[in-house]
Amino acid sequence: MESSEAFRRTLFEFRLSGAELSRRTGVSKQQISTFKNGRQGVSTYTLDKLLDGMPPLARKYFCELLARGPADIGLAAERPGHYPVNGA
């Protein structure tokens, strides 16, 4: 999975807004938006800042999405009780 797709899914699943993440990290809302929508990548330094601004479970979820192969993309969200998916 592309890092931007994993990032977008993580923000959605954990109800994190770009504005909130920007406030926590100092990364501009525009840069977060362009990364989330796959229009531009980010440096490892910026990605590290974005991950540091997320709750620990969201960071773990993001990393697990990146580690999964194409056939496993939906599995992280299919494990009830493992992550607070969509506030559930």
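Entry 1: I am working from a predicted model. Among the elements, I found the highest mean pLDDT in α2, at 96, and the lowest in α5, at 92. I marked residues 78-88 in my notes, where pLDDT stays under 50. For that stretch the model has 20 contacts beyond four places in sequence.

**Entry 2: the fold in outline.** I counted five helices and zero strands. Read from the N terminus, the order is α-α-α-α-α. The chain has 88 residues, and 34% of them are buried. I also looked at contacts with a separation of 6 or more: 58% of them join residues 24 or more positions apart. For the surface, I noted an accessible area of about 5,200 Å², with carbon and sulfur atoms supplying 51% of it.

**Entry 3: aromatic pairs.** How many aromatic pairs does a search of the whole structure find? The search gave me two. In one of them, the ring centres of F7 and F35 are 4.9 Å apart and the planes meet at 40 degrees, so I logged the pair as tilted. F7 belongs to helix α1 and F35 to helix α3 (residues 29-36), which puts the partners 28 residues apart and links distant parts of the chain. Both F7 and F35 are buried.

The other pair is F14 with Y61: centres 5.4 Å apart and planes at 65 degrees, so this one is edge-to-face, as the angle is over 60. F14 sits in the loop between α1 and α2, while Y61 is in helix α5 (residues 56-67), so the pair ties together parts 47 residues apart in sequence. I found both F14 and Y61 buried as well.

Entry 4: I went back to the loop between α1 (3-13) and α2 (18-25), where R15 lies. Is R15 buried or exposed? Its relative accessibility is 62%, so R15 counts as exposed, the cut-off being over 50%. Then I checked its backbone: R15 has a positive phi of about 50 degrees, although it is not a glycine.

Technical notes
Residues are numbered from 1 along each chain as its sequence is written. This is a predicted model: local features need pLDDT of at least 70, side-chain atom pairs count only at pLDDT 80 or more; totals for chains, interfaces and linings use all residues. Side-chain values use heavy atoms; hydrogens and water are left out. Helices (H or I, at least four residues) and strands (E, at least two) are DSSP runs, numbered from the N terminus. Buried means under 20% relative accessible area, exposed over 50%, partly exposed in between (1.4 Å probe, protein chains only). Rings of Phe, Tyr and Trp (its six-membered ring) pair if their centres lie within 6.5 Å; planes under 30 degrees apart count as stacked, over 60 as edge-to-face and the rest as tilted. pLDDT is the predictor's confidence in each residue, from 0 to 100. Contact means heavy atoms within 4.5 Å. Accessible areas come from the Shrake-Rupley method with a 1.4 Å probe; for residues, only the protein chains shown count as cover.
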